[in-house]
Amino acid sequence: GSSNHDISSTTQFILATQDGGGTWEAQETPVTNSIFSISFWDANNGWFTSDYGQIAHYTYQQPQTVNITAGGLSAALTTIEKNTLTDLIITGTIDARDFKILRDEMPMLANIDLSAATISAYTGSEGTYSTGAYSYPANTLSRNALYKKTTLKSIKLPADLTSIGRSALNSCTALTTITIPSSVVLIDSMA
């Protein structure tokens, strides 16, 4: 293996490690059939061959970390990052405006880690629910925060979160893993 990470194949995904095999992280591949072979020319780039003649390129993408203040996510990411990031870790403070960016302007986003972020209150027309003035409380996953975010597979919610708003994660059809902190006392309808 390389000094950065080793790769191990399973059926339609690969497992990557950056610590010599101490921990492994599943990485999706662009193939839809069983993988037969993997060939990497460096630590992050390679090719797969799979059943029925599929050949696909793979590039390992490390999660990107951004430290922002509420409302600052759009400015913290380039247009290319917004369009291509699949894994994002956010620290600092966020609000409903940032959730709107996550939901509407990041088409590939699959895994979000907000465990070290704090959700700030926001009142205005640029949030996730209404184009009119609307108040979004602090420490709440806002109403419609990630509504219909069909690419979302996992989310770690902020450690100090107290409630999950109405339809916050509704219709996130690919969502398989969610980390809800013990501080949550309210999960609204259709969340």
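Contact here means heavy atoms within 4.5 Å.

## Model and confidence

This is a predicted model, in which local features need pLDDT of at least 70 and side-chain atom pairs count only at pLDDT 80 or more, while totals for chains, interfaces and linings use all residues. Residues are numbered from 1 along each chain as its sequence is written, and side-chain values use heavy atoms, with hydrogens and water left out.

The pLDDT (the predictor's confidence in each residue, from 0 to 100) has a mean of 88 over the protein chain, with 91% of residues at 70 or more. Residues 1–10 have a pLDDT below 50, although this stretch makes 28 contacts in the model beyond near neighbours in sequence. Where pLDDT is low, the predicted coordinates should not be read in detail.

## Overall layout

The protein chain contains three helices and 17 strands; helices (H or I, at least four residues) and strands (E, at least two) are DSSP runs, numbered from the N terminus. The C-alpha trace spans about 55 × 35 × 30 Å along its principal axes. Of contacts between residues at least 6 apart in sequence, 42% join residues at least 24 apart.

Of the 191 residues, 37% count as buried, where buried means under 20% relative accessible area, exposed over 50%, and partly exposed in between (1.4 Å probe, protein chains only). The accessible surface (Shrake-Rupley method, 1.4 Å probe) comes to about 9,600 Å², and carbon and sulfur atoms account for 51% of this surface.

## Nonpolar cores

A nonpolar core is a set of buried Ala, Val, Leu, Ile, Met, Phe, Trp, Tyr and Cys residues joined through side-chain atoms within 4.5 Å. The largest one has 29 residues, and the members touching the most others are Leu73, Leu88, Ile90, Phe99, Leu102, Leu141 and Leu146. Two or more residues each come from strand E7 (64–68), strand E8 (87–94), helix H3 (96–104) and strand E10 (117–119).

Not counting residues up to four places away in sequence, Ile90 touches Val66, Ile68, Leu73, Leu102, Asp113, Leu114, Ala116 and Ala117.

## Lys82

Lys82 is located in helix H2 (residues 79–84). Lys82 counts as buried because its relative accessibility is 10%.

With Ser74, the link is a side-chain to side-chain polar contact of 2.9 Å. A polar contact is a pair of N or O atoms within 3.5 Å; within protein, one must be able to donate a hydrogen and the other to accept it, and residues adjacent in sequence count only if both atoms are side-chain atoms.

## Strand pairing

Two strands pair if DSSP finds at least two bridges between them. Strand E4 (residues 35–40) and E5 run antiparallel with five bridges, and they form a hairpin with four residues between them. Ile35 has Ser50 in E5 as its bridge partner. Strand E5 (residues 45–50) is joined in turn to strand E6 (residues 54–59) by six bridges, again antiparallel, and Trp47 has His57 in E6 as its partner. The E5–E6 hairpin has three residues between its strands, and Tyr52 in the turn has a positive phi of about 60 degrees.

Elsewhere, three strands form an open sheet in the order E13-E15-E17, with parallel pairing. Its edge strands, each pairing on one side only, are E13 (140–141) and E17 (186–187). Strand E15 (residues 163–164) pairs with E17 over two bridges, and Ile164 stands opposite Ile187 in E17.
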